[in-house]
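Please look over the model below. My notes follow as numbered points, starting with strand pairing.

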Amino acid sequence: MGYNSHKITTDWTRQLCHFIKTLRYEDIPPAVVERAKMNIMHTIGVSLCGAELKQIKDAIDLAKEISPGSEGTATLWADGKKVSWEAAAFAAGTMGDMLDWEDCSVTGHPSAGVIPTAVIAAEVLKKSGKDLITAVVAGYEVYQRVALAGDTNIVGFNIFACLPVLMKLLDLSEEQMNQAFGIGAACSIIPANVHEITMSDSLNYLYGYRAENTITMIKTALNGIRGLEDVFDEPTGYLLQMAYQEPEWLTKELGETFMMMNMVLIKHWPANVFVQTYTELAARLVTKYRFNPDDIAEIIVRPSIAFRNWYTDTGYESATQAQFSLPYGTACAMYHPEPGAIWYQPETMKDPKIIALLNKVKADGFVEMSGMKIIKDMIDGKHPEKFMIVRMKDGTEYVESAFTHPGHPNYMLTRDAFQDRFRLETKHILSPEKIEGAIDCICNLEKYEDASVLPAFLY
């Protein structure tokens, strides 16, 4: 390594680089390959679904503006225009998180970085389907370990979702990867989640910024920048800046255990992870018993989530606000049991019927939760059974319960369920022919010598 005033006693960074460099498609278990393909399908689906919202239309317009007059090499999803690699990554990264419908891990939303970065890079670089799948797996595995090793914020983590994907697809040397990790670490340390206070929809754009910026970071490493190596081993380089440090996670069972199988859940609904199971119960109830939500007297949730028990008398001002509200998710699922962008259109978030119903949602006790342990317990299954009791004005009572929702690692969707969800997510954006073409392409990615055919189905 170059000049450094501290003694380096570990080789965690180099182990991560070696893992990325040497990972082969043939090394990946078939179940992990299948999960990678289904994660690609789901993330693309929810990204396209969000294209109906003004926020995404604005992001697409901005992508065209930052790639003016050029016939680039990357396809704008939901639009079809060819723009620069960076511009396409910005738009797709923003789309991935807009509906809060992608995946969720102990550490945030890796798919909003891994998937758009991989699909767009494979298009630009004309990589094979096997290359694309391998890069997705590398991205998930490195992301999980870096994020578990130290607590920054969910968008800061996503730099380490995007970088490994690009390292793999661009075939960087291990030395170049090491430098790129140093650049990424220097840009990732933002130990605050401002969106949690402001509830601004700018949160979604942060994923787009990461996808865009990491392309430049990688190009910088390729141009030969030096002196940023071993950032995860340097005592003050990265982990010291975190709220806590557990560096053993960086290489824990690296190459042996695929964390994307047991630490990543797929959201079944366009809502915050803590709202998912309650939304599932609401949709089940109204679909099963076919009652009119107007006739509900009250809804009892047992137990609820205290920091998601948000009410309003006037409606929500941002999609983020609504996505983080358990009462809103419950009411919206009853009036709109077929989810989509309609959930976060301004008129829906201020619908008097939905506002009236969400204020009938009452908590009967609360789940005990604290720190990062919250989501870890959810994924491990260490949480109570949840009940929803609907009491109608005529005295009729309906009850439904569940421990978790479809898409949980212990309750994962089947391939058929992923396909049906994709059809639902894209029905207002793509033609039936393109929907089925995209499904077939993703399900058979390993057969494609050139995966750049996939974006042709995405507009």
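1. Strand 5 and strand 6 (residues 361-363) run parallel, joined by 3 bridges. Strands are DSSP runs of E, at least two residues long, and helices are runs of H or I, at least four, numbered from the N terminus. Two strands pair if DSSP finds at least two bridges between them. I299 of the protein chain stands opposite V361 in strand 6.

2. Strand 5 (residues 296-302) also pairs with strand 7 (residues 386-392). Here the strands run antiparallel, with 6 bridges. I299 stands opposite V390 in strand 7.

3. This is a predicted model, in which local features need pLDDT of at least 70, side-chain atom pairs count only at pLDDT 80 or more, and totals for chains, interfaces and linings use all residues. Residues are numbered from 1 along each chain as its sequence is written, and side-chain values use heavy atoms, with hydrogens and water left out.

4. The protein chain holds 19 helices and 8 strands. Its C-alpha trace spans about 75 × 50 × 40 Å along the principal axes.

5. Does the radius of gyration fit, or what would a compact globule of 459 residues have? It would have a value near 23 Å; the protein chain has 22 Å, which agrees. The radius is taken over C-alpha atoms, and the globule rule is 2.2 Å times the number of residues to the power 0.38.

6. Of the 459 residues, 59% count as buried (under 20% relative accessible area, 1.4 Å probe, protein chains only). Among contacts (heavy atoms within 4.5 Å) between residues at least 6 apart in sequence, 78% join residues at least 24 apart.

Definitions and conventions:
Buried means under 20% relative accessible area, exposed over 50%, partly exposed in between (1.4 Å probe, protein chains only).
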